[in-house]
Amino acid sequence: MPQHAAAAGAPAIGVGFLGAGPVTQAIHLPSLARLDETFRVAHVMDVDSAVASTVAARVGASHSASMESLLDDPAVDVVAICSPHQFHAAQVIAACRAGKKAVLCEKPFAVSADEAAEIAAVSAETGVPILVGAMHTFDPGWLAAEELAGGLLRSAHTLRSSIVLPPNARFEDFATEVIARPAAPERDLEDPAVVAAVLEGGILGLAIHDLPLVRRFVPDFADLEVLRAEAVRPFGYVVLVRAGGRTIELTAQISSGATAAWKPDWTFEAVGPDSALTITFTPSYVQAGSAVAELTAGARTQAAGPFGHNGYEGEWRRIAGIVGGTERAPAASQLIDDLRFAVAIVDGARARVLEAAA
Ligand SMILES: NC(=O)c1ccc[n+]([C@@H]2O[C@H](COP(=O)([O-])OP(=O)(O)OC[C@H]3O[C@@H](n4cnc5c(N)ncnc54)[C@H](O)[C@@H]3O)[C@@H](O)[C@H]2O)c1
């Protein structure tokens, strides 16, 4: 049962978390702390009740170990889904059916096209606004770049998402003292089934932040084909895709050296015949302002950013606007097509790996 009621005069929008692992602790709670005139954390749920109670105590919220308890809590206006991937779809559906004011689902939205179709039906039936926490889509640097891009949105022939980062734990530790961090699994990259699973994890877990941006340049992906798909050690991927007449390169390398001297890099590029866009994002977890965008056309370069906040805070600002009635949620069909695009790449990558092993 919830153990804490909203205090009189508390900020208007009560947030409930389903899942209170590193992302809740190191990303969302710091974002909400900066927006504490708008949001209060009302309820923290985790299947590990020690995690739920410890995290809840940090922010003065109720806690529980059951989703129903959180959804029944009238102090929860907005549900943030931060559980592992396989639970997202069912929790989004339950939160919509509970009639909450909005749902923020961590990426990925779901893990299959069937789940996407189910969410689409419930979203249409309930009308509850949903956001997917693919953070780059809310980064003011990307939003400004989208405005600058103009004709490049139609003419780009090459899209690149390249990521070189240290392990998440390094950044989590800058943000907070993480309770109950899951251990990194051992992976046997000689086994094609493991390689396929690593690629799925990399595409749905990491590339997914940039795939909605890629799709902005590739609206029609019915002919999508994965030409190359490899997992790299210790964790990463190289995936080459053709879709809608465009070449899409997705690469990631997560280093194992926590104190590596190199600079983390997360770059998205779109290259066309007359112009090129480069967006440099801050690493995941880092909340130090927005991405920086540069559009070059001939001798002319236009720049945008950095702005004061990044995509994590952007997600919550958008929720505040949606709940307050000043902004609209993205169309559910757009989120679902973004997921279908990601799942098509996962399926194509799996087929390439299994084919190479046969
Ligand atoms: N936006 C980002 O930059 C970013 C970064 C990393 C991870 N993520 C996403 O955030 C989500 C959470 O990732 P994480 O790194 O915090 O850790 P995680 O996925 O390992 O676990 C999160 C927590 O969920 C709890 N849990 C397990 N099953 C649950 C259930 N059915 N209901 C509620 N809670 C449950 C676990 O006990 C754990 O405390 C994932 O979907 C991940 O892809 C987002």
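Predicted model: local features only at pLDDT ≥ 70, side-chain atom pairs only at ≥ 80, totals over all residues.
User: What is the strand order in the open sheet of 8 strands?
Analyst: The order is β8-β9-β10-β7-β11-β12-β13-β14, with mixed pairing. Strands are DSSP E runs of at least two residues, and helices are H or I runs of at least four, numbered from the N terminus. Two strands pair if DSSP finds at least two bridges between them.

User: Which strands stand at the edges?
Analyst: β8 (225-232) and β14 (300-304); each has a single partner strand, so one side of each lacks a neighbour in the sheet.

User: How do β9 and β10 pair? What is opposite Phe 235?
Analyst: β9 (residues 235-243) and β10 (residues 246-254) are antiparallel over 9 bridges. Ile 254 in β10 is opposite Phe 235.

User: Switching to cores: which residues touch the most other members of the largest one?
Analyst: Phe 217 and Ile 345, in a core of 59 residues. A nonpolar core is a set of buried (under 20% relative accessible area, 1.4 Å probe, protein chains only) Ala, Val, Leu, Ile, Met, Phe, Trp, Tyr and Cys residues joined through side-chain atoms within 4.5 Å. α12 gives the most to this core, with 6 residues.

User: What about a second core?
Analyst: A separate one of 30 residues includes Leu 18, Ile 130, Val 132 and Leu 335.

Key: Residues numbered from 1 in each chain as written. Heavy atoms only, no water. Buried < 20%, exposed > 50% of the residue type's maximum accessible area, 1.4 Å probe, protein only.
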